[in-house]
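Me: I have just opened this structure and would welcome a friendly walk through it. Could we take it step by step?

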Amino acid sequence: RFLGDYKKARTYYEKAKSILSEKLAIEDLLVGQYLFRELGNIYTRLGDYSAAQVLHKKFIDISINEKQYGKAAEAYSDLGLCYFATQQFDQAIEMYKTGLLLPDLGKRPKALLYFNLTKAYKKIEDYDLALEYALKAKREFEALENNNSQSKGKIWLGGILVEISSIYSEKGQYEKAELHLMQAYDLFKQTYINPQRRECANLCASFGDLYLDWEKLDRALEYHRKALQCVISEFNPSDLLQNPDPSHFYAETSIIDVLNGKAGVLIQYYEQNPELAYLETALDCYELIYEVEKQLRRSYHYESSKLFNIETSRIRSEEAIDLALQLYELTGQEKFSRKAFEFAERSKSILLLEAFQKADATAIAGIPQNLIEEERAMQEEIAFAEK
């Protein structure tokens with residue numbers, strides 16, 4: 001886990017879980033803290049949010065029963081991240097505020113909950129409230145860092161500085177935003193000896209997003225390149241337009257986020273300087289995202305995680321189809337119309353495959369036929385509404 005190889009870490013945590021929890025039926029505070037919570041957070045990193053929720057809820061119950069309210073508050077923070085990641089922002093806010101209501105909270109759990117409330121309010125575009133919670137979190141993290149009592153103090157402080165930066169960026173205060181990102185960079189540099197990890201990739205992507213909003217596109221593209229190099233060690237491009245080799249991909253959501261961000265920068269580049277290479281590379285980014293998504297789907301444990309992945313994939317597919325059709329209109333080349341068709345067919349084939357898997361699962365589980373029929377009717381209504 002400390003090396004950033006979360007897929008391998010998950011394998012060993014799952015082996016420990018099968019022994020301690022399933023065979024020996026031991027679910028005490030130690031197992032909760034060092035197994036359920038750690039494995040739950042790995043599931044979150046890998047995008048398997050339903051599996052993560054199960055473990056975080058277990059840890060919350062254990063912690064409250066043991067009157068370890070600080071640990072329970074941090075587990076509420078972790079649980080809220082699952083709802084946040086699936087865009088259920090109201091539920092995420094509810095989890096964070098529930099955690100803050102627990103008694104005897106120290107600086108660390110309060111800081112984490114303030115931090116996550118910042119991100120949630122930012123997502124629903126309440127930037128004033130987001131900044132209020134961000135400054136509260138920053139004060140708590142600074143106190144932890146000054147006391148030198150928490151090994152993650154620099155990481156957390158760097159993280160809230162990134163959030164404050166993005167709020168200022170949304171307000172159009174780009175100089176302030178850049179200043180806070182540079183402060184975060186200094187803290188990350190002190191913390192991570194090896195920059196090839198998702199946290200460093202996310203920081204570089206934040207620089208890229210800032211410079212895109214600021215319309216400094218060269219710097220935006222440069223930071224997206226750096227972000228990709230943080231999560232793909234073999235990637236050493238000869239120019240900024242070059243994309244990574246998909247043979248080096250693995251189940252990591254950050255790769256998707258960075259490629260998606262890079263595509264956005266390239267589309268903006270084309271609007272200022274209409275060279276087809278920008279749009280073609282952006283389309284290639286969408287192609288590569290599909291390859292990462294395949295690996296993520298294979299790694300998921302719960303059906304709902306797969307379905308959420310499909311929903312986000314469908315939205316990106318629509319963007320890719322629009323881009324492919326734009327290229328077809330600009331060039332008249334049939335390969336782009338075929339590419340649009342391929343994106344559409346991929347999206348449909350994924351949905352069909354998942355439908356078959358779900359049908360097999362319900363049959364094996366012995367679910368009554370009347371409930372299967374009722375669910376099928378609901379799914380048909382949903383499909384009709386989406387169409």
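This is a predicted model: local features need pLDDT of at least 70, side-chain atom pairs count only at pLDDT 80 or more; totals for chains, interfaces and linings use all residues.

Me: How much of the chain is made up of buried residues?
Reply: A residue is called buried when its relative accessible area is under 20%. The chain has 387 residues. Buried residues make up 48% of them.

Me: Are H6 and H7 roughly parallel or antiparallel to each other?
Reply: Helix H6 covers residues 107-123 and helix H7 covers residues 127-147, and their axes lie 8 Å apart. The two pack at an angle of about 155°, and angles over 145 degrees count as roughly antiparallel. The pair is therefore roughly antiparallel.

Me: How do the residues of the contact of H6 with H7 divide?
Reply: On the H6 side, the residues include Leu 112, Phe 115 and Lys 122. They meet residues of H7, among them Tyr 133, Glu 140 and Leu 144. The residues of this contact divide into one polar, six charged and 15 nonpolar.

Me: Does Thr 86 count as buried or exposed?
Reply: Thr 86 sits in the loop between helix H4 (69-85) and helix H5 (89-100). Its relative accessibility is 15%, and the cut-off for buried is under 20%. Thr 86 therefore counts as buried.

Me: Which side chain does a polar contact join to that of Thr 86?
Reply: Thr 86 lies in the loop between H4 and H5. The polar contact spans 2.8 Å, and the partner is the side chain of Gln 88.

Methods
Residues are numbered from 1 along each chain as its sequence is written. Side-chain values use heavy atoms; hydrogens and water are left out. Axes are lines fitted to C-alpha atoms, for helices over the stretch in contact, and angles run from 0 to 180 degrees between N-to-C directions. Helices (H or I, at least four residues) and strands (E, at least two) are DSSP runs, numbered from the N terminus. Angles under 35 degrees count as roughly parallel, over 145 as roughly antiparallel, 65 to 115 as roughly perpendicular and the rest as oblique. Contact means heavy atoms within 4.5 Å. Ala, Val, Leu, Ile, Met, Phe, Trp, Tyr, Cys and Pro count as nonpolar, Asp, Glu, Lys and Arg as charged, and the others, Gly among them, as polar. Buried means under 20% relative accessible area, exposed over 50%, partly exposed in between (1.4 Å probe, protein chains only). A polar contact is a pair of N or O atoms within 3.5 Å; within protein, one must be able to donate a hydrogen and the other to accept it, and residues adjacent in sequence count only if both atoms are side-chain atoms.
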